[in-house]
Structure formats: C-alpha cells, structure tokens
Amino acid sequence: MADFFRGRRLRSTAALRALVSEHHVTAQDLIMPYFVVDTDDAAFRKEIPSMPGQFQLSLQEFEKQLAEAVAAGLKSILLFGIPKCKDATGSEGYAEDGIVQRAVRLAKSRHPQLVVITDVCLCEYTDHGHCGILQKTEHDVTVANDSTLTLLQQVAISHAKAGADIVAPSDMMDGRIQALREALDAEGFTNLPIMSYAVKYASSFYGPFRDAAESTPQSGDRKSYQMDPANSREALREATADVLEEADFLMVKPAGAYLDIIRMLRDGFDLPLAAYQVSGEYSMIMAAAQNDWIDLDAVTMESLLAIKRAGADLIITYFAEDIIKRGLVQ
C-alpha cells in the first residue's frame, strides 16, 4: 500500500492529544471585567438581562465576589464604573472619590497581587453617552478630539493615584496614548503601563455592554471615532501610531469576528497583545447554551482557544471568573 500521512497517530488518546496540543488557555491569560455601581445600597447586585450571569455590583458586593474569584485563581481584572450622576464632561470619571477610583483602592488593599486594569473613557460618565466632549458643527454634532484628550489625562491620573496597575484607554481619540503617557510621566507614574484599545471597531457586538455600563449614546453613533469593520489595513495604521506613542500593550476589540486582525497584529508587532471577547460574543454563547443548542463549556473553551491561536497573549472575557472557579482552566 502506498505511504500516506497518518495524522491520527497523534490523536488516538486524550494523553497524546494533550501532549502535542499547540495552544493552551490558562488563568494567567484571562482578564475579568467588572461593573461597579456608585450606590447607597450596599447589597446592590443586579443581573444584566442581556448578559446572563453578569452583574452590576455595589462596592460591597464587588468585594465579596472578587474575594471568591481571587481565591479560585483569578489573576487580573478590568474595571468599569457606573456613577450616580452624569454630566456633559463626565466629571465623575476623573473624580478622586469616583466609583472606579474607590474600587481600585478596595481591590488593591484586599489583593495586592491582583493586576487591576482600569478602563479610561468617558462614555459611562457623560449624560450623552459619547466618549468625550461633544462639539457642534454646522451640519453635525461630533466628539471634539483634542479637548477630550485633556479629560482623559485627568481620568488616567486619577486611576494611577488610586493604585491601578495598568490604564486602558478605550475612547479611540487620536493621540490619546501620547497624551496619557505625557500626563502620567509628569505626575511621576513613569512605570505605569498603558494597554491601548489600539484596534477598536464600531461593532454591533457591543450591545449588551451598553446595557451593563449604561453607556448607550443618546444620539448618533460612534462610527466617526471607532473603526470601520470593513477595514483591516487601517488596523495596522492605528496600532503603529500607538506603538510610536509608547503604548505598552495592544488590544483588538472585538475578538471572535476579528481573528484575522489579531493575527495581523501578532505578526506585525512584538508588544503583548490582548483581545476582548466582548459582551455580544458572551451573550450569544450563553443564549445558545440556555436553549441547549450547544455545550456551554466546550464552546466557551473553543472560542478562547481560537483567540489564543490567532495570536493573543491575553483575553478579556466575561467567562473568566466562572471557568476559573470551576477548574476549566488552571
């Protein structure tokens, strides 16, 4: 019989498959997002309807849930805040006693070894829901890029003073990495890394997040500052700009529908690369699993392996806490 390739030799047993497995997802790779609410109700814990198993949490509830997750092996978190009051400039986003600032101090005081990353943006804090200061033009209303940078600097500095380990600007304003680096350095935070949402698309997969963070734009959309899903070469331009402005990490958001972009950035840059498995990706998997259409654990792990295989070093995912607690990753 003619010779032919026998790939099945390395697939015949679970032990052999594990021995030659090319990619793995570990607890060290995963970053868990949390939504912390500024509320007088210490026991506030509200499930997000469009994100089953995810909650808006008071500081007290956040403290309890985080303690359990860290005890199980969670290594890194990403914080989003929901303020009591919103205004045109998102002033609660850079207040010394803002909700994220308090959550950072709480997390670092209880778990000094935990990596605490903060989202640097204004959309959760503005009354209009956009990521910066609105500017009226003759024909439209848009976000004013350069004046927004000044506010983002204040947000980043307030997070740094609270004890954040990494700041992660998600606003997609031009020049934001340079602006944040200059501001942080001027305040003495020269060693604080910046994780840039370098390639953030104007995606339809963000819908459930806007319920969670209460950040839906009151008018218009974010297509003028987030990227067009049709474009891939533009991703390289955005990432290159952030590298030149001294970003320490790059990120692609969303992850699942943009695996080709993750691979482009992995091949093009040597910085640590994160990918965000966003709310819509999470919610679709959860909805299908609740209808018994898929195996939740198998599909979750396959989706995360795909992101790692595409080239991501780190994955921000709403599955992180659960799969760590249940021992699906170590």
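Predicted model: local features only at pLDDT ≥ 70, side-chain atom pairs only at ≥ 80, totals over all residues.
**Entry 1. Charged surface patch**

Arg6, Arg8, Arg9 and Arg11 form a positive surface patch. I then placed one of these residues: arginine 11 is in the segment before α1, a helix that covers 14–19.

**Entry 2. Nonpolar surface patch**

I next looked up nonpolar side chains on the surface. Leu10, Leu19 and Val20 make up a nonpolar patch there, and together they have about 300 Å² of accessible area. Of these, leucine 19 belongs to helix α1. Is leucine 19 buried or exposed? I found a relative accessible area of 67% for leucine 19, so this residue is exposed, the cut-off being over 50%.

**Entry 3. The chain as a whole**

I turned to the overall build. The chain has 11 helices and 12 strands. Its C-alpha trace spans about 75 × 45 × 40 Å along the principal axes. I compared the radius of gyration with the expectation for a compact globule: for 330 residues that expectation is near 20 Å, and the chain, at 20 Å, agrees with it. I also looked up burial, and 53% of the 330 residues are buried.

**Entry 4. A buried alanine**

Alanine 235 sits in helix α7, which comprises residues 233–244.

**Entry 5. Salt bridges**

I then considered charge pairs. Side chains of opposite charge can pair when their charged atoms come close. How many salt bridges does a search of the whole structure find? The search finds 18. I examined several in turn.

I began with arginine 110 and glutamate 63, which form a salt bridge with the closest N and O atoms 2.6 Å apart. Arginine 110 lies in helix α3 (residues 99–110) and glutamate 63 in helix α2 (residues 59–72), so this pair ties together parts that are 47 residues apart in sequence. I checked the accessibility of both partners. Arginine 110 is partly exposed, at a relative accessible area of 46%, and glutamate 63 is also partly exposed, at 27%.

I went on to lysine 161 and glutamate 187, whose salt bridge has its closest N and O atoms 3.9 Å apart. This pair links distant parts of the chain, 26 residues apart. Lysine 161 is in helix α4 (residues 145–162), and glutamate 187 is in the loop between α5 (176–186) and β9 (195–200). I recorded lysine 161 as exposed, with 57% relative accessibility, and glutamate 187 as partly exposed, with a relative accessible area of 41%.

I also looked up a pair inside one helix. Arginine 263 forms a salt bridge with aspartate 267, and their closest N and O atoms are 2.9 Å apart. Why are these two residues separated by about one helical turn? They are four residues apart in helix α8 (residues 259–268), which accounts for the separation of about one turn. Arginine 263 counts as partly exposed, at 33% relative accessibility, whereas aspartate 267 counts as exposed, at 56%. I noted a network as well: salt bridges that share partners join Arg45, Glu61 and Lys64.

**Entry 6. Backbone geometry**

I finished with the backbone. Most residues other than glycine have a negative phi, and most peptide bonds are trans. Against that background I recorded the following cases.

The peptide bond from lysine 253 to proline 254 is cis, and its omega is near -5 degrees. I located proline 254 in the loop between β10 (249–253) and α8.

Glutamate 246 is not a glycine, yet has a positive phi of about 80 degrees. I placed glutamate 246 in the loop between α7 and β10.

Aspartate 292, likewise not a glycine, has a positive phi of about 60 degrees. Where does aspartate 292 lie? I found aspartate 292 in the loop between α9 (279–290) and α10 (296–310). With a relative accessible area of 69%, aspartate 292 is exposed.

Conventions
Residues numbered from 1 in each chain as written. Heavy atoms only, no water. Patch = residues over 30% accessible without salt bridge, like charges linked within 9 Å, V, L, I, M, F, W, Y side chains within 5 Å. Areas by Shrake-Rupley, 256 points an atom, 1.4 Å probe, with all protein chains shown as cover. Salt bridge = Lys/Arg side-chain N within 4 Å of Asp/Glu carboxyl O. Lys, Arg positive; Asp, Glu negative; His and termini not counted. Charge placed at Lys NZ, Arg CZ, Asp CG, Glu CD. Buried < 20%, exposed > 50% of the residue type's maximum accessible area, 1.4 Å probe, protein only. Rg over C-alpha atoms; globule rule 2.2 N^0.38 Å.
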